[in-house]
Amino acid sequence: MTNSSKRNGAGVKGKRLRVTLIYPPAMNRTGEPFPLPSPAIAALARYLHEAGHESVQKDLDKLWFSGLKDEFSGVQLALLKHKEAAGRYARGVSARAEEKAFSDAADRIVKRAGIGRSDLFCITFADMGADQLMLNVSAVLAARLKTLFGAPVAIGYKSIPQAAYMEVMRLYPCFDYASYATWGERSLAGIVSAVSGGSEPLLDTIERTAGGLRVSRAGIEPPLAPSLLYDRKILSAYTVTDRRIMERYNSSFPLARDLLKKPGWSEATQAY
């Protein structure tokens with residue numbers, strides 16, 4: 001076991017799991033000229049790797065705005081942005097036509113993202129704010145993944161309070177766990193243990209049980225900043241040239257124009 005895994009309370013307890021980490025699309029993610037890859041799923045991937053589990057990272061935000069959203073019909077897009085309709089699908093009470101439209105949309109996401117069978121699916125709510133698209137897509141996808149693969153679904157991010165997660169869990173029974181922990185890796189350790197039959201306790205987590213929703217005991221603050229394990233394929237999708245960065249931020253700035261004309265100025269690409 002590495003020092004980092006000891007720090008995170010990691011270690012294989014119960015069976016080895018395959019965990020898919022999902023970064024859902026959001027309409028109002030960032031004000032930056034260029035989108036950024038998610039450090040949230042990269043931090044969780046590092047914990048899983050060091051704990052001996054298999055992690056798979058799926059960046060749906062980049063996929064969505066790289067053309068996936070244009071593959072949906074107008075009806076499907078309207079449904080994915082409709083809070084009540086998404087809630088009906090998540091609860092399994094949609095009318096037949098509505099259910100088919102949602103299932104077809106979710107199946108397209110699953111196919112295009114290459115999401116396969118896992119023991120646990122985790123969806124990060126990083127930067128959600130008041131973005132209904134993120135919650136709707138997450139709920140619809142979670143409901144469909146449970147139908148397709150029968151695995152539990154966890155949601156979480158530290159900036160959303162426990163009370164808000166309680167409301168989300170009440171409205172969307174497709175979610176099995178909700179983590180509001182500051183130390184997300186430690187909270188995930190408890191969820192992984194619960195799914196794999198281990199003994200790690202749940203911390204800063206709401207759990208769906210046969211008797212209703214149960215709140216776990218409080219966790220602690222992380223002792224160190226997280227270590228990230230980015231998927232190189234995801235990072236490559238965010239690659240931009242130095243020229244594009246400078247032109248996008250201030251294309252009229254004389255120094256930028258002069259630098260780009262200087263001999264030896266590199267068009268080397270960098271991932272941000």
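Student: How do the axes of H5 and H6 cross?
Tutor: The axes of H5 and H6 come within 10 Å and cross at roughly 90°. Axes here are lines fitted to C-alpha atoms, for helices over the stretch in contact, and angles run from 0 to 180 degrees between N-to-C directions. Helices are DSSP runs of H or I with at least four residues, strands are runs of E with at least two, and both are numbered from the N terminus.
Tutor: This is a predicted model, where local features need pLDDT of at least 70 and side-chain atom pairs count only at pLDDT 80 or more, while totals for chains, interfaces and linings use all residues. Residues are numbered from 1 along each chain as its sequence is written, and side-chain values use heavy atoms, with hydrogens and water left out.

Student: What do you call that arrangement of H5 and H6?
Tutor: H5 and H6 are roughly perpendicular to each other. The cut-offs are under 35 degrees for roughly parallel, over 145 for roughly antiparallel, 65 to 115 for roughly perpendicular, and oblique for the rest.

Student: Which residues in H5 meet which in H6?
Tutor: From H5 you have Ala85, Ala86, Arg88 and Tyr89, and from H6 there are Glu98, Glu99, Phe102 and Ser103. Contact means heavy atoms within 4.5 Å. By class, that contact of H5 with H6 has 4 nonpolar, 1 polar and 3 charged residues. Ala, Val, Leu, Ile, Met, Phe, Trp, Tyr, Cys and Pro count as nonpolar, Asp, Glu, Lys and Arg as charged, and the others, Gly among them, as polar.

Student: And H5 with H7, how do their axes cross?
Tutor: The axes of H5 (residues 83-91) and H7 (residues 132-149) come within 9 Å and cross at roughly 20°. That makes H5 roughly parallel to H7.

Student: Is that crossing left-handed or right-handed?
Tutor: H5 passes H7 in a left-handed crossing. A crossing is left-handed if the near helix is turned anticlockwise from the far one by less than a right angle, and right-handed if clockwise. On the H5 side the contact is made by Lys83, Ala86, Tyr89 and Ala90, and on the H7 side by Gln132, Asn136, Ala139, Val140, Ala143 and Arg144. Sorted by class, the contact of H5 with H7 has 6 nonpolar, 2 polar and 2 charged residues.

Student: What about H6 and H7, how do they cross?
Tutor: Their axes come within 9 Å and cross at roughly 85°. That makes H6 roughly perpendicular to H7. Phe102, Ser103, Ala106, Asp107, Ile109 and Val110 in H6 meet Val137, Val140, Leu141, Arg144, Leu145 and Leu148 in H7. The residues of this contact of H6 with H7 divide into 9 nonpolar, 1 polar and 2 charged.

Student: How many of the residues of H7 are buried?
Tutor: H7 is mostly covered, with 14 of its 18 residues buried. Buried means under 20% relative accessible area, exposed is over 50%, and partly exposed is in between (1.4 Å probe, protein chains only). After H7 comes glycine 150, whose phi is positive, near 65°.

Student: Back to H6. Is alanine 105 buried or exposed?
Tutor: Alanine 105 is buried, with a relative accessible area of 1%. You'll find alanine 105 in helix H6 (residues 96-113). Not counting residues up to four places away in sequence, alanine 105 touches Phe72, Gln76 and Leu80.

Student: New topic: where is leucine 44?
Tutor: Leucine 44 lies in helix H2, and leucine 44 is buried at 17% relative accessible area. Leaving out residues up to four places away in sequence, leucine 44 touches Leu21, Gly184, Glu185 and Leu188. Leucine 44 and arginine 186 are 142 residues apart in sequence and 9.4 Å apart in space, C-alpha to C-alpha.

Student: How many residues of H2 are buried?
Tutor: In H2, 10 of its 12 residues are buried.

Student: Last one, what's up with the phi of aspartate 204?
Tutor: Aspartate 204 has a positive phi of about 50° although it is not a glycine. Most residues other than glycine have a negative phi. Aspartate 204 sits in the loop between helix H9 (184-196) and strand E6 (205-209), and aspartate 204 is buried, with a relative accessible area of 13%.
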